[in-house]
Amino acid sequence: MPALWDRQTRRLVSNNFPDITIDLGTQFGAWSDAPFDLYPPALRADIDALNERLAGQRYLFGTGLTEADVRLWPSLARFDLGYNPLGKISERRLVDFPSLRGYARDLHHLPAFRETTDFGAFARFGSGPSPSFLNDAPWRIKVAPDRADWDEPHDREQLG
């Protein structure tokens with residue numbers, strides 16, 4: 001699980017994943033050589049709404065499939081078998097994000113997504129040379145590919 005650790009006091013500051021990115025974007029600029037704002041005040045309401053959106057609506061923009069859903073699909077489908085093991089991003093799998101996982105399964109149940117997605121190809125992501133932007137830094141998390149059960153019910157029909 002991701003956590004913020006205070007090296008000076010040797011104490012855990014936060015292990016609440018959703019708050020960590022907000023904290024990084026709002027509380028640590030004074031200690032950065034190149035400050036950045038992951039949570040700009042003008043966008044906070046929109047960011048919060050997007051982060052909560054999939055728990056209360058079926059697709060990114062409501063009840064109908066849009067280009068945004070189609071564009072997000074490949075990243076979600078490739079995450080557990082390809083992107084995460086190759087990039088050593090997180091010990092969390094897609095299933096560890098319930099709303100996002102339900103949303104992805106919902107898309108997969110649609111024939112246009114199911115019939116055109118080759119999960120076997122994603123599992124071969126790590127079989128060749130690693131891209132130059134990846135490295136074996138000690139902070140990278142070794143993650144085994146996870147072959148999820150995409151046929152599980154998504155239980156999102158009630159969302160519209």
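Modeller: I start with R10, found in the loop between β1 (4-6) and β2 (11-14). Strands here are DSSP runs of E with at least two residues, and helices are runs of H or I with at least four, numbered from the N terminus. This is a predicted model, so local features need pLDDT of at least 70 and side-chain atom pairs count only at pLDDT 80 or more, while totals for chains, interfaces and linings use all residues. Residues are numbered from 1 along each chain as its sequence is written, and side-chain values use heavy atoms, with hydrogens and water left out.

R10 is not a glycine, yet its phi is positive, near 55°. R10 is exposed, at 64% relative accessible area. Exposed means over 50%, buried under 20%, and partly exposed in between (1.4 Å probe, protein chains only).

D155 also has a positive phi, about 55°, and is not a glycine. D155 lies in the segment after α6. D155 counts as exposed, at 52% relative accessibility.

R156 sits in the segment after α6 (119-123). R156 is buried, because its relative accessible area is 5%. Leaving out residues up to four places away in sequence, R156 touches L54, Q57, R58, Y59, S99, G102, Y103 and D106. Contact means heavy atoms within 4.5 Å. D106 is 50 residues from R156 along the chain, and their C-alpha atoms are 6.9 Å apart.

The R156 side chain reaches two backbone oxygens: that of L54 at 2.8 Å and that of Q57 at 2.7 Å. A polar contact is a pair of N or O atoms within 3.5 Å; within protein, one must be able to donate a hydrogen and the other to accept it, and residues adjacent in sequence count only if both atoms are side-chain atoms.
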